[in-house]
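Please look at the two ligand sites with me. My notes follow the display.

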Amino acid sequence: RNYATSAQRNPMFSSVNSDDIVHFKSILGDKYVIEDKDKLDDANTDWLRKFKGSSKLMLQPRTTEEVSQILKYCNSRRIAVVPQGGNTGLVGGSIPVFDEVIINTSRMHKIVSFDKVSGVLVCEAGCVLENLISFLDNEGFIMPLDLGAKGSCQIGGNISTNAGGLRLVRYGSLHGTVLGLEAVLADGTILDMLGTLRKDNTGYDLKHLFIGSEGSLGLITKISILTPPKLSSVNLAFLACSDYRSCQKLLLEAKRKLGEILSAYEFLDAQSLDLALKHLEGARNPLPPLMHNFYVLIETTGSDETSDKQKLEAFLLDSLESGLISDGVLAQDIQQASSFWHIREGIPEALLKAGGVYKYDLSLPVEKMYDIVEEMRTRLGSAANVVGYGHLGDGNLHLNISVPQYDNTILAQIEPFVYEWTSKHHGSISAEHGLGFTKADKIYYSKSLETVQLMASIKKLMDPHGILNPYKVLPPSSLTS
Ligand code: FAD
Ligand code: 2HG
Ligand code: ZN
């Protein structure tokens with residue numbers, strides 16, 4: 001499907017002409033001004049292969065200075081642009097809606113510095129998350145975030161979406177761990193906010209505007225992030241629970257009894273596990289194939305192998321005896337641990353292989369979180385496979401509705417119901433993926449009119465011609481008044 005079916009191109013934007021191409025080549029050299037159809041096809045298509053833009057040009061700058069020159073020129077010519085990192089975003093934010101120029105950051109992948117005393121890493125925005133994880137591993141540190149897309153996603157994309165992931169329960173959000181940023185504004189101004197201090201209360205902390213603004217306020221070029229030391233003992237348990245209440249109670253118990261070493265608390269329902277086992281290469285059920293309704297992964301990370309393991313084992317034994325868990329297995333080595341993670345992290349890929357998928361990334365009070373999955377099952381009957389999984393420790397449900405093919409009558413059964421339900425229960429319609437294109441017009445379910453108006457004023461102040469990632473994040477109507 002094309003984006004164009006549900007949006008209108010802003011006629012204020014210029015189309016790229018041959019003089020523009022000549023100009024971009026003078027900034028970047030011929031090789032990094034890409035007009036090749038195959039390369040553009042990939043860059044125009046999102047990870048979900050749900051939407052397709054029609055950009056005829058991708059630029060691949062190497063330096064902040066080049067980004068600045070590109071944006072300055074685009075701003076003066078009213079050429080709209082879309083910043084793109086690893087293109088793993090799940091809300092249609094990283095690809096053009098129409099013919100916006102794609103500014104891809106893949107060549108900006110240098111590590112600038114790493115301070116072993118403070119654990120502060122400074123790097124360029126195009127560093128792939130997995131490469132940063134490997135780099136830090138050699139230094140005895142870890143990234144404070146980890147997610148299934150780590151092999152492709154870039155730190156600039158992570159910060160622009162304020163990605164959560166599997167470790168947020170322990171290390172908190174990027175609003176806490178990102179210490180500084182360098183970003184280029186729409187008019188080419190370079191904002192140096194690349195501080196490396198933990199504390200700095202000199203005026204407004206503007207870096208926060210860029211964290212989670214999905215490329216709509218500026219293009220992030222460098223980042224500084226606080227990384228925790230790598231601890232020696234990591235344990236992972238894959239557990240089964242008979243009902244959702246048990247998953248919830250187990251979370252409270254885990255916080256109470258494993259609090260200081262708890263580093264992940266993830267859950268999946270039986271339907272999610274079935275999909276993973278069916279569609280993921282090499283996936284095996286870690287438990288004997290009995291019928292359980294829910295599964296929980298608990299990871300602990302600490303500094304004392306013997307006592308950490310004893311603590312986790314005692315916790316698991318207690319939980320078995322009290323009936324909170326009905327079965328469970330502790331990974332015996334790194335390979336087994338990564339096979340457990342493969343199941344959890346691979347669910348989005350399994351869903352993609354299963355057919356079409358409607359995705360909802362909801363923050364909800366933990367006790368209400370699974371009700372929406374059950375209500376949705378009742379609404380849709382056998383027309384769809386409704387699955388629920390996610391970051392239970394953070395109150396973040398990934399409600400996914402898998403269908404053989406996209407079907408507007410099914411969609412009409414899902415939306416606006418799912419958004420109204422979330423709003424009624426004081427949840428957020430986007431916990432961690434952002435709004436992008438697909439959810440820009442749904443912002444009012446989670447934000448008040450006055451809040452959206454202030455966001456629109458900030459957008460207009462920072463990007464008066466609206467060239468940065470248009471049609472995303474904010475509904476176009478909020479920007480015209
Ligand atoms: P892209 O997809 O390229 O871009 C995402 C957005 O950021 C776009 O709006 C783009 O315009 C903007 N952008 C990118 N780079 C820059 C930049 N340098 N400056 C300004 N704007 C920029 N998300 C989670 O929060 N938690 C998860 O656990 C998680 N798991 C995932 C698992 C899989 C398998 C997949 C496919 C996605 C997952 N995601 C998750 C979605 C998540 O948003 C992305 O994976 C990641 O954060 C995006 O990084 P990226 O480099 O691919 O960004
Ligand atoms: C995850 O936690 C990602 O696996 C993707 O955020 C969630 O695909 C999804 O719904
Ligand atoms: Zn997630």
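1. Strand 15 (385-391) and strand 16 (396-403) each give at least two residues to the shell around ligand 2. Strands here are DSSP runs of E, at least two residues, and helices are runs of H or I, at least four, both numbered from the N terminus. This is a predicted model: local features need pLDDT of at least 70, side-chain atom pairs count only at pLDDT 80 or more, and totals for chains, interfaces and linings use all residues. Residues are numbered from 1 along each chain as its sequence is written, chains are lettered from A and ligands numbered from 1 in the order written, and side-chain values use heavy atoms, without hydrogens and water.

2. The residues surrounding ligand 2 (a heavy atom within 4 Å) include R344, K359, Y389, H391 and E432. A polar side-chain atom of R344 lies 2.7 Å from a ligand 2 oxygen. For H433, a side-chain N or O atom is also 2.7 Å from an oxygen of ligand 2. The protein covers 88% of the 290 Å² of accessible area that ligand 2 has on its own (Shrake-Rupley, 1.4 Å probe).

3. Ligand 1 has 34 residues around it, with P83, G85, G86, T88 and G89 the closest. Helix 5 gives the most to this shell, with five residues.

4. Which atom of G86 is 2.8 Å from an oxygen of ligand 1? It is a polar backbone atom. T88 instead places a polar side-chain atom 2.7 Å from a ligand 1 oxygen. Protein covers 97% of the 970 Å² of accessible area that ligand 1 has on its own.

Key
A polar contact is a pair of N or O atoms within 3.5 Å; within protein, one must be able to donate a hydrogen and the other to accept it, and residues adjacent in sequence count only if both atoms are side-chain atoms.
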